[in-house]
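Hi,

Here is the structure I said I would pass on.

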Amino acid sequence: MYYKIGWLMLVMCVAGAVQVSAQTFTFEKISNELSVYQNYADDVHTRGQTVQVVSINRFRIGWWFQTEFTADFNHDYDKARAWDYYLEVGIVKPLFSGLSVNYQRVEGTFVTEPTNQVGLRWTF
């Protein structure tokens, strides 16, 4: 599982670092982020560490689309397991005036089963 996640992260980040342009195909990086966190509960007890990867890019194949990838990898966050993760991969199709159609796939150790989300997004 971690092997697949690693390859997906690598492809998203490397592809986002390169801008390819042609009349029918365009790929542009919007944001690639890597964050490291020390987590604390409200009573200041440690809740472990988190590494978060976020990659947002857009591409055009006739129409513009946006891809989004978010992954959280936690160490010692949950007492039941040493490592856990949360993955979210999505594609967004802007329609007009801040309104988009969105598809997301959510998977993780604390998600009971993989979930497909389809919906509308309003950006303001």
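Leu120 is exposed, because its relative accessibility is 67%. The classes I use are buried for under 20% relative accessible area, exposed for over 50%, and partly exposed in between (1.4 Å probe, protein chains only). Leu120 also belongs to a nonpolar surface patch of about 420 Å², together with Leu95, Phe96 and Val101. A patch takes residues with over 30% relative accessible area and no salt bridge, joining nonpolar side chains (Val, Leu, Ile, Met, Phe, Trp, Tyr) within 5 Å and like charges within 9 Å. The areas come from the Shrake-Rupley method with a 1.4 Å probe, and for residues only the protein chains shown count as cover.

Before you go further, the ground rules. This is a predicted model, so local features need pLDDT of at least 70 and side-chain atom pairs count only at pLDDT 80 or more, while totals for chains, interfaces and linings use all residues. Residues are numbered from 1 along each chain as its sequence is written, and side-chain values use heavy atoms, with hydrogens and water left out.

On confidence: pLDDT is the predictor's confidence in each residue, from 0 to 100. The protein averages 83, and 81% of the residues score at least 70. Strand β6 (residues 99–108) has the highest confidence, at 94, and strand β1 (residues 20–21) the lowest, at a mean of 52. Where pLDDT is low, the predicted coordinates should not be read in detail.

As for the overall layout, there are 1 helix and 7 strands, in the order α-β-β-β-β-β-β-β along the sequence. Of the 124 residues, 27% count as buried.

Which residues make up the largest nonpolar core? There are 6 residues in it: Val53, Phe69, Ala71, Phe73, Tyr85 and Leu87. Strands β4 (63–78) and β5 (81–96) are the elements that give two or more residues to this core, and β4 has the largest share, with 3 residues. By a nonpolar core I mean buried Ala, Val, Leu, Ile, Met, Phe, Trp, Tyr and Cys residues joined through side-chain atoms within 4.5 Å. In soluble globular proteins, nonpolar side chains tend to be buried together.

Now the charged pairs. Counting a side-chain nitrogen of Lys or Arg within 4 Å of a carboxyl oxygen of Asp or Glu as a salt bridge, I get 3 of them:

- Glu28 and Arg58 pair at 2.9 Å, N to O. Glu28 is in strand β2 (residues 25–40) and Arg58 in strand β3 (residues 46–61), so the pair ties together parts 30 residues apart in sequence. Arg58 is partly exposed, with a relative accessible area of 30%.
- Arg121 and Glu68 have their closest N and O atoms 2.8 Å apart. This pair links distant parts of the chain, with Arg121 in strand β7 and Glu68 in strand β4, 53 residues apart. Glu68 counts as buried because its relative accessibility is 14%, whereas Arg121 is partly exposed at 22%.
- Glu107 and Arg105 meet at 3.9 Å, N to O. Both are partly exposed: Glu107 has a relative accessible area of 24% and Arg105 has 31%.

Glu107 lies in strand β6.

Last, some backbone angles to check. Most residues other than glycine have a negative phi, and most peptide bonds are trans. Asp76 has a positive phi, near 60°; Asp76 is in strand β4 and is partly exposed, with a relative accessible area of 43%. Ser97 also has a positive phi, of about 45°. Ser97 belongs to the loop between β5 and β6 and is exposed, with a relative accessible area of 70%.

Cheers

Definitions and conventions: Helix = DSSP H or I, 4+ residues; strand = E, 2+ residues; numbered from the N terminus.
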